[in-house]
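This briefing accompanies a predicted model of a protein. It is arranged by topic for reading alongside the sequence and the coordinates.

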Amino acid sequence: MFSKGRLGKWIPHFFRCDIARGPKLQIGLVPFPCQLGQSTPERFQSQSCKKYSVLEPKTRTYIVAFNGYFTAKARCHFISSALRNTEAENWRIVERENPASDYPSDFEVVQIRQDARSRLLTLQDHPYIKRVTPQRKVFRTLKLLSDGSSSCNDTRWVQKWQSWQSSRPLRRTSLSLSSGFWHATGRHSSRRLLRAIPRHVAQILQADVLWQMGHTGSGVKVAVFDTGLSEKHPHFKNVKERTNWTNEKTLDDGLGHGTFVAGVIASMRECQGFAPDSELHIFRVFTNNQVSYTSWFLDAFNYAILKKIDVLNLSIGGPDFMDHPFVDKVWELTANRVIMVSAIGNDGPLYGTLNNPADQMDVIGVGGIDFEDNIARFSSRGMTTWELPGGYGRVKPDIVTYGSGVRGSGMKEGCRSLSGTSVASPVVAGAVTLLASTVLNRELVNPASMKQALIASARRLPGVNMFEQGHGKLDLLRAYQILNSYRPQASLSPSYIDLTECPYMWPYCSQPIYYGGMPTIVNVTILNGMGVTGRIVDKPIWQPYLPQNGDHIDVAVSYSPVLWPWAGYLAVSISVAKKAASWEGIAQGHVMLTVASPAENDSAVGGEMISTVKLPVKVKIVPTPPRSKRVLWDQYHNLRYPPGYFPRDNLRMKNDPLDWNGDHIHTNFRDMYQHLRSMGYFVEVLGSPITCFDASQYGTLLMVDSEEEYFPEEITKLRRDIDNGLSLIIFSDWYNTSVMRKVKFYDENTRQWWMPDTGGANIPALNDLISVWGMAFSDGLYEGDFTMADHDMYYASGCSIARFPEDGVVIAQTLKDQGLEVLKQETAVVDNVPVLGLYQTPSEGGGRIALYGDSNCIDDSHRQKDCFWLLDALLQYTSYGVTPPSLLHSQNKVTPPAGTDKPLPERLEGNHLYRYSKVLEAHLGDPKPRPLPACPHLSWAKPQPLNETAPSNLWKHQKLLSVDIDKVELPNVGAYRPQVRPLSPGESGAWDIPGGIMPGRYNQEVGQTIPMFAFLGAMVVLSFFVVQLTKSRSKPKRRKPRIKRPLYLQQQQQQTPHTA
């Protein structure tokens, strides 16, 4: 499929459908017939697909997804028909040489010359083509560090995967920028192997109890998508198939990552896995350079469906939940009953760092803990960010388990210790494989039922919120009990809403609700264990408990019209009724919904299975706070990756160039939110345009790091609101078109440079917003340490204030010109850079405006020195009109700049912000604002009151229906742990080892003899101690003679003076 080029890069072969009249290359011609159907136009009946070994220059690679599975001939026909007016040399179909190439496929990989990209539209218009997306390259370097720790049997392994490192730099490094500032980092631009950062975990989780019952994973097919596995590794007996999906001609693991993952799941020797008798299917999807492509995964996924894989472990991830071919294929996998287990990510402890596909509803997303049951620092935290800005994220991870210092198989032999969520994921995958083998009726096992059993049995960790631990720690034996008494049903995740339960229900429990506030949105996942597809019957019902003041709250619900695959969403919006505007107390009720799913085994036509579930709701209500205490966070105008390239706010973060954490008060601004709550402020989120909120209810509108444009109607309304008393605080960031051109980075899969569509913030748009007051930010780019009001500060890639009213207060500092360093690698210090401005609008009763040129000091993702004190001071100014004396009389106070000597920053020419903007749309090459969207309108559910008492403990009250774990008994072997006999240096790796102590059937004979020897040994020890005790009691006690001190010592002690 690939050949080695002169530059050491792999160059793919291609095949194409050639038009007879068009020019043909004569290099490496290998005929490949493309027989077209009868409906083919006459001019194309002479086409043939031919293979070439030349990579055409200036081409871009795309994945063409079809509406079904077709043969290679049919796919070639569809593409050639769509591109019938395109010259033959302008496009190629990339040949795929892998096991899936012999079967029909639902996609094709096509290369199109850059000057013919307009033909993409014609491809998308074809009736059999569903979508055309760029081919994604997955690249991640796994660095190995020397480790002095020995393996479990003192083998040659003395390495571990690189330990977790914070994305925040420990020191500031030189930029030293070349023409490509960020060159193909790949960290957050694509999927990658989640690095394993460095006990036999199966025994710790009591897998041996199930082994003693004869359950060892037999009959379950488990796939490991990773870096491969050696053919004769001594730890594995039942490797059913090894397949290679990369461009390297090997099936072996050159890194050790895939071997370790497979060992945690299915090793039967030394460092034992969970399911040693399971069928292992090894999919090598990463090269030894940790490179992969989306198309490799798509082919491998199709092959997994063909092979009817039961469990699939995917220890990779990335933030791109908009990689449509990949996401769609994961849905298709789970729809075919493949239970996918995936690592949640190693980007903790920052919130909003979940990786895909673990953040999908149909996938079991796994986080990591250490052996002291602490959440691992590296484990990514929720919430999901798909739903922003209009909605709210879902609870992820689903479950956590050991992922720190876990032992697994070495690359060739022996054991090693690794850490990371890529370790926690195979722990759960192995447990799932073992659990699946315990169920007699395998039809009951599906992605939803398995997830239901795992989360219902999980042990909640104390003092940890749900966005860190999900539903808790994996409990293998409780999951076994639940799964073996399970009946198909629907359930909810989370199973209840309790806004009073802290810390588990953080952030919901961190702030009470009140009348007039933005509705609190809780995004609940519906799991449908009855079938791959389902629906909600009628509408969900809101039933308030009258004795618990349930009529004091209003509830609105929206939900998935179809539950597929195995899951859907239920968005619950909670608000306070007007009659409770001055009331304080607890209100309760529940939402009831009925899920119907087609009965797969019902002989009756149209038969359905029905399951009714309740979602308890409990909230704390307080009287509406005063306007001065209410802060509104503008979420609507924040953009992030994906879908576009939005760069980090700190230009020194070269290893992490993309802004992908959501910019939400509960993700990368979590610490700021916690601080504001501790200061008594009530913080709400605006997920709609500025035209959609009542400004009279709020004291301050807080805009931080805004990348979006503004509707003209928004600008007009904000000016009117500020004249009527609303105040505004803006934390900006850098914007410089020359620097934006410099900080492009090369995307190797599309062979093009990515240019930012904005800077750290959209300064031209912000200037349009505040221009009426004579204010503007500049395109200057500064950094440096300084002191303000006796506080140490760090300015990280911020801008300056270019214009400000002459009667305002402006604070300036001495900073380094970072823009000059980026552009010319020169260093310069600039005095009197205006960084902070305070202004009281002149209208009577008007609000106040505060500007600051950098947001990094309140952003958790790369904050070095926080400026929460400054935010407090600004809120004192905007909410109460109190100017902090430390700022008003600062020695750094300067005359406000007029800004007439230098033009204001303009938008980057040719930017593509309109592609991702909610405000702009393309219009004849000149983007213009879209029509202002209507404000969101919630349809409040009609309450059906209940005159009964609500349950007091919502967590323990919620259980899976029709499940009684007491009926499933476990053998009394909890104290028994089989020991592992390591291989001696010259021992063979043969599998017929009658004396070896292995799980399942391998240790049944030994398991019968060990208790007898243990009993005899215990009796001998007990007899010894009885004899010794009898002898000691039979001897008469002797009284020790009293020894008198000699007389001369007593006299000497009396004569010696005491000293302190």
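In this predicted model, 59% of the 1060 residues of the protein count as buried. The accessible surface comes to about 43,400 Å², and carbon and sulfur atoms account for 51% of that area. The secondary structure consists of 21 helices and 48 strands.

**Annotated active site**

- An unreviewed UniProt entry places the feature "active site" at Asp226, His257 and Ser422.
- These positions span 197 residues in sequence, yet no two of their C-alpha atoms are more than 10.2 Å apart, so they gather at one spot.
- Aspartate 226 belongs to strand β14, residues 221–226, and counts as buried because its relative accessibility is 0%.
- Histidine 257 is part of helix α5, residues 257–266, and is likewise buried, at 1% relative accessibility.

**Disulfides**

- Cysteine 271 and cysteine 415 are linked with their sulfur atoms 2.3 Å apart, and the link is left-handed, with -100° about the S-S bond.
- Cysteine 271 lies in the loop between α5 and β16 (279–284), and cysteine 415 in strand β24 (residues 415–418), so this pair ties together parts that are 144 residues apart in sequence. Both cysteine 271 and cysteine 415 are buried.
- Cysteine 692 is joined to cysteine 935 with an S to S distance of 2.0 Å; this link is left-handed, at -90° about the S-S bond.
- Cysteine 692 sits in the loop between β34 (682–686) and β35 (700–704), and cysteine 935 in the loop between β48 (928–929) and α19 (954–957), so the pair connects parts that are 243 residues apart in sequence. With 37% relative accessibility, cysteine 935 counts as partly exposed.
- Cysteine 857 is joined to cysteine 867, S to S 2.0 Å, and here the link is right-handed, with 55° about the S-S bond.
- Cysteine 857 and cysteine 867 are 10 residues apart, each in the loop between β45 (848–852) and α17 (868–880). Cysteine 857 is buried at 1% relative accessibility, and cysteine 867 is buried at 0%.

**A four-stranded sheet**

- Four strands form an open sheet of mixed pairing, in the order β26-β32-β31-β28.
- Its edge strands are β26 (497–498) and β28 (535–544), each of which pairs on one side only.
- Strand β28 runs antiparallel to β31 (residues 585–598), and seven bridges join the two.
- Glutamine 543 stands opposite histidine 590 in β31.

Note on methods. Residues are numbered from 1 along each chain as its sequence is written. This is a predicted model: local features need pLDDT of at least 70, side-chain atom pairs count only at pLDDT 80 or more; totals for chains, interfaces and linings use all residues. Side-chain values use heavy atoms; hydrogens and water are left out. Two strands pair if DSSP finds at least two bridges between them. UniProt positions are given in the numbering used here, feature names are shortened, and annotations may be inferred rather than shown by experiment. Buried means under 20% relative accessible area, exposed over 50%, partly exposed in between (1.4 Å probe, protein chains only). Accessible areas come from the Shrake-Rupley method with a 1.4 Å probe; for residues, only the protein chains shown count as cover. A disulfide is a pair of cysteine sulfur atoms within 2.5 Å.
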